[in-house]
Amino acid sequence: MSSTTPAAHGQAVSSMFSRIVPWYDLLNTVLSCGIDRYWRRRLVREVRLGPTGRVLDLAAGTLDVSLAIRRRYPQAVVPALDFCPPMLFQGRKKLHGDNARRIMPAAADARLLPLPDACVDAVTMAFGIRNILPRAEAFREMVRVLVPGGRACILEFGSGKQRIWGGMYNLYLNHVLPGIGRCISHDRSAYAYLADTIRNFPVAEALEEEMREAGFAAAWHIPLTSGIVCLHIGEKARA
């Protein structure tokens, strides 16, 4: 993205995701060889439901994580927020019965959440933090809306700065991923952007330091699939 300000960057990212909505779920499955389902299940396993009964799903996209939360916690209410309304519109088609009542999609900016302090037990975000600038603002908002002792569970690709599988993963990022994405979505820039953001993303330890600086009392990560994906967990201090 050539955008030079956070606002312009956000609008460009939202526009890009709007263009690929029809192919988004298919490409997630194809590009991950179906492992994305396991990654989402692993993310939700780290969620802890507490006194509010609410789990905030940020960068909720087409609502697959929101649905996974509801499968694990049928009693949970899930505010599902995303900066790209067409993604949420696509996801609404998956909502039926109790899920349609307990998953609440709404357009919102993760850097300025339309929610009161200490109103959710947990926050989830899957493959969204790379797209937010500056990340610190989103981290601070997560801390603000969490109850004391609540946790944020953030699923994200590992940094392309690290060699994984002897460099095979880097080869996949540079050549295979953009090519498949372009063939299916017919969008040259979208999956080249994805590869670029993974290559430039900080290593896990650096992201944890960002989370602590933003106000999390503790932060750690769990590598998944040899570190291709990392599950980052941040906990808010207890009262």
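**Asn131**

I looked up Asn131 and its contacts. Setting aside neighbours within four places in sequence, Asn131 is in contact with His9, Val13, Phe17 and Tyr193 (contact means heavy atoms within 4.5 Å). Asn131 sits in the loop between β4 (120-126) and α7 (135-145). I take helices as DSSP runs of H or I with at least four residues, and strands as runs of E with at least two, numbered from the N terminus. Is Asn131 buried or exposed? Asn131 counts as buried, at 11% relative accessibility. Here buried means under 20% relative accessible area, exposed over 50%, and partly exposed in between, with a 1.4 Å probe and protein chains only.

**Ground rules**

I note that this is a predicted model, in which local features need pLDDT of at least 70, side-chain atom pairs count only at pLDDT 80 or more, and totals for chains, interfaces and linings use all residues. Residues are numbered from 1 along each chain as its sequence is written, and side-chain values use heavy atoms, with hydrogens and water left out.

**Overall**

I found ten helices and seven strands in the protein. Buried residues make up 53% of its 239 residues. I also checked contacts between residues at least 6 apart in sequence: 71% of them join residues at least 24 apart.

**Helix α7**

I listed the buried residues of α7: Arg135, Ala138, Phe139, Glu141, Met142, Val143 and Val145. Their cover includes β1 (55-58), β4, β5 (146-157) and α10 (204-213).

**Helix α2**

Next I took α2 (residues 24-32). Its buried residues are Tyr24, Leu27, Leu31 and Ser32. They lie on the same side of α2, because they cover an arc of only 110° around the axis. That arc is taken from the directions from the helix axis to the C-beta atoms. Cys33 follows α2, and its phi is positive, near 60°.

**α2 against α3**

How do α2 and α3 pack? I read an angle of about 100°, with the axes 8 Å apart. Axes are lines fitted to C-alpha atoms, for helices over the stretch in contact, and angles run from 0 to 180 degrees between N-to-C directions. The two helices are therefore roughly perpendicular. My angle classes are roughly parallel under 35 degrees, roughly antiparallel over 145, roughly perpendicular from 65 to 115, and oblique for the rest. Asn28, Thr29 and Ser32 of α2 make the contact with Asp36, Arg37 and Trp39 of α3. By class I get one nonpolar, three polar and two charged residues. Ala, Val, Leu, Ile, Met, Phe, Trp, Tyr, Cys and Pro count as nonpolar, Asp, Glu, Lys and Arg as charged, and the others, Gly among them, as polar.

**α3 against α4**

I then turned to α3 (residues 36-45) and α4 (residues 64-72), which pack at about 55° with axes 9 Å apart. That makes α3 oblique to α4. Arg40, Leu43, Val44 and Arg45 in α3 meet Asp64, Val65, Ala68, Ile69 and Arg72 in α4. This contact divides into five nonpolar, no polar and four charged residues.

**Cys230**

My last entry is Cys230, in strand β7 (residues 229-235). Cys230 is buried, with a relative accessible area of 8%. What does Cys230 touch, not counting residues up to four places away in sequence? I found Ile154, Leu155, Glu156, Gly158, Ala204, His221, Ile222 and Pro223. I also checked Val203, 27 residues from Cys230 along the chain: their C-alpha atoms are separated by 9.7 Å.
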